Amino acid sequence: MGLPFSKYHGLGNDFILLDNRHRASPILTPGQAVELCDRNQGIGADGVIFALPGGPETDYTMRIFNSDGSEPEMCGNGIRCLAKYLVALESDAGHPPQAPHSYRIHTLAGTIVPTLQPDGQITVDMGEPRLLAGEIPTTLAPADEKVIDMVLTVADQPYQVTCVSMGNPHCVTFVEDLTAVPLTTIGPLFEAHTMFPQRINAEFIQVVQPDYLKMLVWERGAGPTMACGTGACAAFVAAVLNGKCCLPMDGSNDLPQRKATVELPGGPLQIEWSTINNHVYMTGPAVRVFSGEAYL
Ligand code: ZDP
């Protein structure tokens, strides 16, 4: 008997989902996760996600290993996949939840709440962005200061960067033309830059309209992925902080709602940064592709 798994993706950011509800620690080692993520000799994925038991105030716990075996605090596309996976597990057990249904998920970035929408999309309350250098973490500024539009030198080139933590660390750079970004050359240099002691996810953003951004991402521990949910949230927060999004309409002093579409290589995510509670909300799809048994 092999290891039962399901394969999901959110806009092409793909994950192996494992039923870990019977144990409080992951049923695989990081090394085994690396093997399963291998696209030639394994199942192939950007990461492995474990559905573990919850705590006193949560329904479940999510843990994730990147395809290099490192463990991030949070995963935006992954938690949408987890929500769909939990629906499937509960439905198999004869208890299908009815939309709109929310799960309270314990993560290393705190409690995150995905809600299933009647149309099949999932909206995730991602909590508040963290902006202080010490929270990212980065040494680009003193620990209690924000890093907004500061110079980061990569391969002798200056980049104007803004840093945002969505539980996991992100460095956002705005560019005129996304097609001119040498992602596979500079991505690894951002990721391993000495200014980021926990490494970094690097997003490159072209602002097409104040409510429409295009994004390329180099992910910590996974490389160039088709989408990154936490990265799309961080990019929108950075765009607002830099005055690139949600400007007053012509002739009006009213600020529009802080919402935008972030277009990733794998498709669009809807992002809102609430002016009421400071939480970031992400809406997008998650799809089961297949289930099977893995032999380790
Ligand atoms: O922070 C990290 O190490 C990321 N590689 C984690 C994965 C982020 C993800 N792509 C997302 O959608 O937020 C899953």
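Good morning. Strands β2 (13-19) and β4 (60-66), together with helices α2 and α4 (229-241), each supply at least two residues of the lining of the largest cavity. Helices here are DSSP runs of H or I of at least four residues, strands are runs of E of at least two, and both are numbered from the N terminus.

This is a predicted model, in which local features need pLDDT of at least 70, side-chain atom pairs count only at pLDDT 80 or more, and totals for chains, interfaces and linings use all residues. Residues are numbered from 1 along each chain as its sequence is written, and side-chain values use heavy atoms, without hydrogens and water.

A cavity is a set of points, on a 1 Å grid over the protein atoms alone, where a 1.4 Å probe fits but cannot get out; lining residues have an atom within 4 Å of a point. The largest cavity has a volume of about 140 Å³, volume being the space filled by probe spheres set on the points. Of its 17 lining residues, the closest to the centre are Asn66, Met74, Cys75, Asn168 and Glu219.

Let me turn to helix α2, residues 76-92. Is this helix mostly covered or mostly open? α2 is mostly covered, with 14 of its 17 residues buried, that is, under 20% relative accessible area, where exposed is over 50% and partly exposed lies in between (1.4 Å probe, protein chains only). Just after α2, Gly94 takes a positive phi of about 90 degrees.

Finally, Val289 lies in strand β18, residues 287-294. Val289 counts as partly exposed because its relative accessibility is 48%. Thank you.

Conventions. The expected span of a helix is 1.5 Å times one less than its number of residues. On a 1 Å grid over the protein atoms alone, a cavity is a set of points where a 1.4 Å probe fits but cannot get out, and a pocket is an open set with protein on both sides within 12 Å along at least five of seven lines; lining residues have an atom within 4 Å of a point.
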